[in-house]
Amino acid sequence: MSDKSVMKSGSNLERVLTSGHFAVTCECGPPKGADVEHLQKKIELIRGCVDAANVTDNQTAVVRMSSIAAGAIMVRSGVEPVMQMVTRDRNRIAAQSDIFGAYALGIRNMLCLTGDHQIFGNHPMAKNVFDLDSIQLLDVVRTIRDKGTVNCGDPVEGGIRMFLGAAANPFADPFEFRVIRLAKKIRAGADFIQTQCIYDMGRFREFMKMACDMGLDGQCYILAGLTPLKSAGMAAYMNKNVSGISVPDEIINRIRGVPKGNQAEEGINILLEQIGQVREIRGVAGVHIMAIEWEERIREITERAGFLPRP
Amino acid sequence: MIVADPKPFGQVKGYLENFERILIVGCGACTTVCLAGGEAEVRLLASGMRIAFGRDGQSKTILEDCVQRQCDVEFVLPVLSRVDNEKIDAVVTIACGVGVNFLADRLGKTPVFPGLNTTFYGAGMEPGLWAEMCAGCGECMTALTGGICPVARCSKHLLNGPCGGSEKGKCEVDPANIDCVWQLIYDRLKRLGRLDDLQNIIAPKDWRTAADGGVRRTIREHLYKLR
Ligand code: SF4
Ligand code: SF4
């Protein structure tokens, strides 16, 4: 981000962010199989609403179409993907090979993640890899991109251009370490950050203040992660069962306070308020809307938030 | 020490259906300490087998033995001669997996079966509780982490700090039973006044020294050359 005139990837997301626009990304989960039609439908639902959409990589360790293949299908359809890549399932050999493949298929953004432990998925009996962690993966891709060498030092035949992202979770512990970890990710090569979904706005503000005090907002673009709650049940479930996420009682009670049929509406109202709030926070360069299996509401959400048309 | 758990009784019994003269061998080292494979456990397993096969109307000869260490040739030699002399036709060992292999390599035509599931290198935390501490990676990096091992004790072997699932000191994989080792490392480095160390990016590990580099052996030149 130091030199904004030189594009690292030429991706749309990079263009939007470097030109100072407030970026909007969302999520587009690949099917649990080879159902391309289903994926195409999701792509149509978000077309024109976002600057890029994350393609998850076997999210929560449930087997799905690979993020490379789904990302390539998105490229073909003219909607820009952010390919997620987790280190859970591939060692440094497979990771680097996959990155070359993804680039060759037109993918220009990637998000480097460690990944959910397989115990949460549908193959808890699988052997995991974790040869690299997310920070090491960032550094590996950055080295390929900027130095033209793979991890062992061998030169690459034909370089890659990639806009590099990472995740940050301001709500996990130890809290004071979260900003240090963010700084490490930036030093390892993160050009942009998408945060875990934010419900505790107070803690997020505190996190962003620490990040800005360290000057991190000037070193990478931070997109605030938001997930609309579909029901009081979902809010309570996420609060209780998803580690690293806490939904304040205030929000749970607010959704619980409206009739079942209107809870989804209330969830979207809350999301729109949250979008308004994060836009006011110093250092926030965009939002990442993770509407889990709710792509059909992305158009309405982005419309009502005043994000359309996209730059 | 090496920690192991008894295999389900029925599984071990299943191995032995077709044998008549069976020797159960314990180990006086790690598996004695973790109460899985010492003299007492040999006696227990042997009498269990006698009763269970008796109920099935099968009269088998179940013999017992326990050596000081099943991972050293001098202690294992007497077992080998016993197998020969007493016409043993199957051996069950309740040493760790090292004992199983060490016997199998030396037992000629006599089959050897494991009576335990070997689990990890760990320490006794309190009576009856053992926990994993080291994964034998061959390049100890704990000088960087306050002496606490992320390779063995982080569920994802992360080397650069806690994942997003660390909450209130617990690991997302099993918050009731697993501490997040990165919380432990953080707290320890804080106590040591070394929190700044956490800003360093630790490079990908060279796994050649671990099992990934192929089967390992160690030579102490001064001893080995004497042979
Ligand atoms: S770093 Fe390696 S050798 Fe050291 S304690 Fe951990 S697994 Fe064992
Ligand atoms: S919660 Fe802690 S111990 Fe568990 S995988 Fe994450 S960093 Fe490792």
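In chain A, helix H6 (residues 175-187) and helix H7 (residues 201-213) have axes that come within 10 Å and cross at roughly 50°. Helices here are DSSP runs of H or I with at least four residues, numbered from the N terminus; axes are lines fitted to C-alpha atoms over the stretch in contact, with angles from 0 to 180 degrees between N-to-C directions. This is a predicted model, where local features need pLDDT of at least 70, side-chain atom pairs count only at pLDDT 80 or more, and totals for chains, interfaces and linings use all residues. Residues are numbered from 1 along each chain as its sequence is written, while chains are lettered from A and ligands numbered from 1 in the order in which they are written.

Where they meet, A:Arg178, A:Val179 and A:Leu182 of H6(A) face A:Phe207, A:Met210 and A:Ala211 of H7(A), with C-beta atoms, placed from the backbone, within 7 Å counting as contact.

Now for the partner chain: 27 residues of chain A are in contact with 25 of chain B. On chain A's side, H6(A) gives the most, with six residues.

Over in chain B, there's domain 1 (2-119) and domain 2 (136-210), with bounds from an automatic or database domain assignment. Their C-alpha centres lie 38 Å apart. Ligand 1 has chain B residues around it, including B:Cys134, B:Cys137, B:Cys140 and B:Cys149 (near means a C-beta atom, placed from the backbone, within 6 Å).

Note on methods
Helices (H or I, at least four residues) and strands (E, at least two) are DSSP runs, numbered from the N terminus. Two residues are in contact if their C-beta atoms, placed from the backbone, lie within 7 Å.
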